[in-house]
Amino acid sequence: MNSGKILSGKKVAEEIRAEAARDVAELAGSGVRPQLDVVLVGDDPASKVYVGSKARACDRLGMASNTHRLPEDVAQARVLDLVHALNADPEVDGILVQLPLPGSLDTHRILDAVDPAKDVDGFHPTNVGLLQQGRPRLVPCTPLGIMELLRREGIGVEGRRAVVVGRSDIVGKPMAMLLLHAHATVTLCHSRTRDLASVTRQAEILIVAAGRRALIGPDHVAEGAVVIDVGMHRLTTEDEVESLFPGDEERRRRFADKGSVLTGDVDFVRVLPRAARITPVPGGVGPLTIAKLMANTVAAARWRRGV
Ligand code: NAD
C-alpha cells in the first residue's frame, strides 16, 4: 500500500482529542467539567456500540457523561420530557439523541426540542440556519472532522472543485455548506444524479457519503484527486473481503478473528492508484467524528457558561 497517500483520520483525531483534553483541564481550573448526555432509545446493536464509544471518549478526556436508556416502545411525550429536563439541567453541556430513533417517534420533533446551545450534533434548525448563513456555532461532527482533516493535512479548498456524493442532513448537506464557505466550487450529488461518474470525475476533492458499498470505483475518480470516504459497511463473508481486498492477508486475518471487517463507499484498492490522497476505512473519517463530538461538547460548555 502506498502509505504516503493515506490520510489518517486516526492521527488527526488524536490531535483533536489532545487539544480537547487540554481545554478540559483548563476548564477544571474554573470549576467546570463539561458533561455530555446521550439519549438512547431501543436496542439497535450499532447504536449501542456508538453510544458506548462516545461515553468512553468522554471518560478518557476527563469529561462527565450520562446515557439515558429508554425502551423501544417509549411514548413520544416521555422522550420530550427527558429532553426538556436535560435542557433545564445547568450541569448538562451537550445533548445527543442517538439516531435512528424507532419509527414510532417523530425524529424532527424530538431534535427540535433540544436546546440549540446544547445541540452538540448540530441538527437543530437554529444551528443548521446559522451554518447556512456562514456564522456556524455547533456544526455536525462528521463534516466538521473532515474539514479539520483537510486543513491539518495542508489540503487547500479555496477555488477548488469539490464534489459531495450524498445529501443527508447529517453529512452531505452540511459538508457542502462548509466547503462552500471555505470557497470551494461545490457540486452536490445524490441518488437521482444522472451519470454520477461524469460528475465525480470533475472533482479535485471528492467526498463520498452515499451509504452504498464500493459505489465509487476508478472510473469515478480523476487522476490526482483527494478522496474522502465517509461510508461504513461490514463485510461478512470471505468472498466479499476477497473481491474488495484481493490478496490482503492482514484483512483476512482480521476477518478470521472477528467474523467481519469494515469497508466504505469507495472501492479503496482500485481507486488508490488514481488518488493523490485517500482516507481508509476503518481509520479514516470514523475517529474524526467522535473527536469532534468531544470538541463540540467542550465548545458548548465554554459558550453557555461564558468561560
Ligand atoms: P443517508 O442514507 O442518510 O443518505 C445517503 C445519501 O446518498 C442520500 O442523499 C442519497 O441520495 C445518496 N445516494 C444513495 N445512493 C446513491 C447513488 N447510487 N448515487 C448517488 N447518491 C446516492 O446516509 P448518511 O447518514 O449521510 O450516511 C452515509 C454513509 O456514511 C453511511 O454508510 C453511514 O454509515 C456513513 N456514516 C459514517 C459516519 C462516520 O463517522 N464514519 C458518520 C455518518 C455516516
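Me: Which residue forms a salt bridge with E153?
Reply: This is a predicted model, where local features need pLDDT of at least 70, side-chain atom pairs count only at pLDDT 80 or more, and totals for chains, interfaces and linings use all residues. Residues are numbered from 1 along each chain as its sequence is written, and side-chain values use heavy atoms, leaving out hydrogens and water. A salt bridge puts a side-chain nitrogen of Lys or Arg within 4 Å of a carboxyl oxygen of Asp or Glu. Here the closest N and O atoms are 3.2 Å apart, and the partner of E153 is K11.

Me: How many residues apart are E153 and K11?
Reply: E153 sits in the loop between α6 and β4, and K11 in helix α1. Helices (H or I, at least four residues) and strands (E, at least two) are DSSP runs, numbered from the N terminus. The pair links distant parts of the chain, at a separation of 142 residues.

Me: Is D93 buried or exposed?
Reply: D93 forms a salt bridge with R304, with the closest N and O atoms 2.7 Å apart. Buried means under 20% relative accessible area, exposed over 50%, and partly exposed in between (1.4 Å probe, protein chains only). R304, at 29%, counts as partly exposed. D93 has 0%, so D93 is buried.

Me: At roughly what angle do the axes of α6 and α7 cross?
Reply: Axes are lines fitted to C-alpha atoms, for helices over the stretch in contact, and angles run from 0 to 180 degrees between N-to-C directions. Helix α6 spans residues 141-152 and helix α7 residues 172-181. Their axes come within 9 Å. They cross at roughly 35 degrees.

Me: How many nonpolar residues does the contact of α6 with α7 have?
Reply: Contact means heavy atoms within 4.5 Å. P143, L144, I146, M147 and L150 in α6 meet P174, M175, L178 and L179 in α7. With Ala, Val, Leu, Ile, Met, Phe, Trp, Tyr, Cys and Pro counted as nonpolar, Asp, Glu, Lys and Arg as charged, and the others, Gly among them, as polar, the contact has no polar and no charged residues, and its nonpolar count is 9.

Me: How many residues does the largest nonpolar core have?
Reply: A nonpolar core is a set of buried Ala, Val, Leu, Ile, Met, Phe, Trp, Tyr and Cys residues joined through side-chain atoms within 4.5 Å. I146, L150, L179, I207 and I228 have the most contacts inside the largest one. Helices α6 and α7 are among the elements that each supply at least two of its residues.
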